[in-house]
Number of protein chains: 2
Amino acid sequence: MAQQNLTAATDFPVKKPREGDDNGATNGGGTISSVIPGWFSEISTMWPGEAHSLKVEKILFQGKSDYQDVMVFQSATYGKVLVLDGVIQLTERDECSYQEMITHLPLCSIPNPKKVLVIGGGDGGVLREVARHSSVEHIDICEIDKMVVDVSKEHFPDVAVGYEDPRVTLHIGDGVAFLKAAQEGIYDAVIVDSSDPIGPAQELFEKPFFESVAKALRPGGVMCTQAESIWLHMHIIEGIVENCRQVFKGSVNYAWTTVPTYPSGVIGFMLCSTEGPEVDFKNPINPIDVKENQKKSTIPLKFYNQELALQLIAALKHNI
Amino acid sequence: MAQQNLTAATDFPVKKPREGDDNGATNGGGTISSVIPGWFSEISTMWPGEAHSLKVEKILFQGKSDYQDVMVFQSATYGKVLVLDGVIQLTERDECSYQEMITHLPLCSIPNPKKVLVIGGGDGGVLREVARHSSVEHIDICEIDKMVVDVSKEHFPDVAVGYEDPRVTLHIGDGVAFLKAAQEGIYDAVIVDSSDPIGPAQELFEKPFFESVAKALRPGGVMCTQAESIWLHMHIIEGIVENCRQVFKGSVNYAWTTVPTYPSGVIGFMLCSTEGPEVDFKNPINPIDVKENQKKSTIPLKFYNQELALQLIAALKHNI
């Protein structure tokens, strides 16, 4: 079965395997498509031996930025989908779970957050969530890839709506450098909405970066960072936890939520605070003012509620 | 691309689409394999437009019982996999999450459970978990399909180990009929480990069945039943919740856990109690005696811990 036989069945691009990828579909010595014709399949050495596939209605955008391949497609049942380097970043149907949890887990745990920094998060969804907090006066976002911002504004208006908030300042650049240059103790919260720790985002999971975050936070300030899946990357998580324990002298917690279109269906978060006023992530003290948000006719919260947040902050006790 | 081209690449059987299945892989008017060569893909009208695939190393068993197609394969990264009618029931890697949660959420919520009934659960995993509770004196299991029991004993010894407990009595038969004939008020807990509510398990999600369960439970007894995914089947869940609220006059809760190989990566549970001594599922009062279990050199708990259980009992507040 030659490659052209499979690819001829669809106008959908065959995902270029990364070096070392075992796409499980080699045949007669040749690498063939591992994509079900007409479907997008997410295959990676980060989650070998399994693949989640979405049926594709139409490809809406394909481009190559200075940093990565960027694609948007209309799926049959998950709305529009943003893909970076072959990995699903968000779908319209389930993005609420990730964006709401990565934002409100930290922000609802401290009183009166005023200055917030978002690293990554170019789609704008975290901004949308931060903006629900009326105490917030200023939101910096540092995203390395302008194409992600532009594509999101065009194709995901309900996500990129976060950029319309007047409190937001967008910085296109390297988050590591931005944090190094940041004023000491200036932020109440730093949210790191990054891609996986292989490739451009790798530095965002290392100790020097966490040290920069801690330095930029006020005493008792909080960080929340994307921290992989307990089912797939326990060894990576253990490394992140170890790094965080060394750097953050307040509390260090691991939480997670369900996102169907992420590998294994879950994604975790590291929740850390700096030395200073105690932060108890399991007992959030700063609820979102839902009524206030309704008045401003914001898109309603879909996933987060205080009870659920409490439930999803799991101690790292299980030994999967 | 003719069907034989795709199937020739593997000795893996092409999943027979159910009537109405849109497998997204039609080409030139013919229905072709929806399986990535060498992979098992789970495609169903229950979760249209998405598919989870596992790389297959070897097919270990294929059979057709009086009720369903039964298959076992060795996967590349999830251990052995049990498939019924094309739907993954368990994998060795992630079965712990489902079995432990469906069992200990109810049993840790009542004092001193003695008599437990399992409906379905032919693989024996729920039995293994019930057996961890030293207060339990008798465990009935009613499984309709003997082939599932036999295949599990042969291929999943760490799951079917539950049958070795001397407190277990296996009844091969219809769970609905078994419950109708059961003595009133005899069980402390009934656990319904069923497949999806389309096909043979449909009755297990309907009001008359819940009435039989409630009747067989003692006052303040508990039921836990598989109750689908909040991401995929909110309308089904709402129906189940409504049925349960009418039948169970104690408490009615919805909980869920993460299972990577189930569609959308999560599976839910209905947790209900009958009128009588109050049951607070959110504050389990009957912890598993881990030391006692260690003495008996039982396979250790992998997923459940009391803190996590607490976290996963979610009120149905979100409006996904």
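**Exercise 1.** Determine how many residue pairs are in polar contact across the interface of domain 1 of chain A and domain 2 of chain A, and how many salt bridges the rule finds there.

*Solution.* The model is a predicted one. Step one concerns polar contacts: seven residue pairs, both members at pLDDT 80 or more, meet the rule across this interface. Step two applies the salt-bridge rule, which requires a side-chain nitrogen of Lys or Arg within 4 Å of a carboxyl oxygen of Asp or Glu. Zero salt bridges are found between domain 1 of chain A and domain 2 of chain A.

**Exercise 2.** Identify the elements and residue classes on the side of domain 1 of chain A that touches domain 2 of chain A.

*Solution.* Begin with the elements that give two or more residues: strands S4 (50-64), S5 (69-75), S6 (80-84) and S7 (87-91) of chain A. Of these, S4(A) gives the most, with seven residues. Next, sort the residues of this side by class: 15 are nonpolar, six polar and four charged.

**Exercise 3.** State the bounds of the two domains of chain A and describe the extent of their interface.

*Solution.* The domain assignment places domain 1 at 39-91 and domain 2 at 94-314 of chain A. Their C-alpha centres lie 23 Å apart. In terms of contact, 25 residues of domain 1 of chain A meet 25 residues of domain 2 of chain A. The area buried between the two domains is about 2200 Å², with carbon and sulfur atoms giving 68%. Within domain 1 of chain A, Met46(A), Tyr67(A) and Leu90(A) lose the most area to domain 2 of chain A, together 29% of what that side buries.

Notes:
Residues numbered from 1 in each chain as written. Chains lettered and ligands numbered in written order. Predicted model: local features only at pLDDT ≥ 70, side-chain atom pairs only at ≥ 80, totals over all residues. Heavy atoms only, no water. Domains from an automatic or database assignment. Contact = heavy atoms within 4.5 Å. Buried area = accessible area lost by both parts, 1.4 Å probe. Polar contact = N/O pair within 3.5 Å; in protein donor to acceptor, adjacent residues only side chain to side chain. Helix = DSSP H or I, 4+ residues; strand = E, 2+ residues; numbered from the N terminus. Nonpolar A, V, L, I, M, F, W, Y, C, P; charged D, E, K, R; others polar.
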